[in-house]
Amino acid sequence: MAERTLFTRIIDGEIPGDFVYQDEHVVAIRDINPSAPVHVLVIPRKPVRSLAHLEEKDRELAGHLLLAVRKVAEQEGIGESGYRVVINTGDGGGQTVPHLHLHVMGGTEFTEAGMRG
Ligand code: 5GP
């Protein structure tokens, strides 16, 4: 069996995480090194390696992840002001943890290219 990922270990409580949302399929934790005032990672409990490894059978999970993003954003008070969602995918995409996760970032103003200021 493949080695358990950092996020699986956080989900299982072996490594501490600041959880802001949990349900049957998904958890959300604060990023340890935030790039914005609100920076939450939405992570499937299922250790899908990356977006590139998502399969047809994960269709429902994919929808669940997006709905969890919306819930987290509302809960964090950025649902109205807006936020950025990023999915780094593979080495070329800058992914460092090989367990699919969606970065939800807000509480600041993003320009087309990046963060203002
Ligand atoms: P990636 O670069 O794979 O898209 O994002 C991985 C993210 O995980 C990074 O933003 C990094 O700060 C965050 N991260 C790395 N280790 C930990 C950790 O132990 N706990 C938490 N909460 N976030 C982590």
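Me: Which residue's backbone oxygen lies 2.9 Å from a polar atom of the glutamine 95 side chain?

Reply: That's valine 97. Before we go on, this is a predicted model, in which local features need pLDDT of at least 70 and side-chain atom pairs count only at pLDDT 80 or more, while totals for chains, interfaces and linings use all residues. Residues are numbered from 1 along each chain as its sequence is written, and side-chain values use heavy atoms, with hydrogens and water left out.

Me: Thanks! Which other backbone oxygen lies 3.0 Å from a polar atom of that side chain?

Reply: The one of arginine 49. Both pairs are polar contacts, meaning N or O atoms within 3.5 Å; within protein, one must be able to donate a hydrogen and the other to accept it, and residues adjacent in sequence count only if both atoms are side-chain atoms.

Me: And where is glutamine 95, and is it buried or exposed?

Reply: Glutamine 95 is in the loop between β4 and β5. Its relative accessibility is 12%, so it counts as buried. Here buried means under 20% relative accessible area, exposed over 50%, and partly exposed in between, with a 1.4 Å probe and protein chains only. Helices (H or I, at least four residues) and strands (E, at least two) are DSSP runs numbered from the N terminus.

Me: What does glutamine 95 touch?

Reply: Not counting residues up to four places away in sequence, glutamine 95 touches Arg49, Ser50, Asn88, Thr89, Gly90, Leu100 and His101. A contact means heavy atoms within 4.5 Å.

Me: Arginine 30 has a bridge partner in β3, I think. Which residue is it?

Reply: Valine 40. Strands β2 (residues 26-30) and β3 (residues 38-44) pair in the antiparallel sense over five bridges; strands count as paired if DSSP finds at least two bridges between them.

Me: What about β1 and β2?

Reply: β1 (residues 19-22) and β2 run antiparallel, joined by three bridges. A hairpin of three residues connects them. Glutamine 22 has valine 27 as its bridge partner, and tyrosine 21 stands opposite alanine 28. Four of the five residues of β2 are buried.

Me: OK, and which strands pair with β5?

Reply: β3 does, antiparallel with five bridges, and β4 does too, antiparallel with four. Histidine 39 stands opposite methionine 105, while valine 86 has histidine 103 as its bridge partner.

Me: Why is β5 said to be largely enclosed?

Reply: Because five of its five residues are buried. Leu102, Val104 and Gly106 are buried on one side, and His103 and Met105 on the other.

Me: Now the helix α2. Which of its residues are buried?

Reply: Leu61, Leu65, Ala68, Val69, Val72 and Ala73. They sit on the same side of α2, because they cover an arc of only 135° around the axis, taking the directions from the helix axis to the C-beta atoms. An α-helix has 3.6 residues a turn, so residues three or four places apart point the same way.

Me: And on the other side, what's exposed?

Reply: Arg59, Glu60 and Leu66. The buried residues of α2 are covered by elements including β1, β2, β3, β4 (83-86) and β5 (102-106).

Me: Last one: where is histidine 53, and what is it in contact with?

Reply: Histidine 53 is in the loop between β3 and α2. Leaving aside neighbours within four places in sequence, it is in contact with Val48 and Asp58. At 40% relative accessibility, histidine 53 counts as partly exposed.
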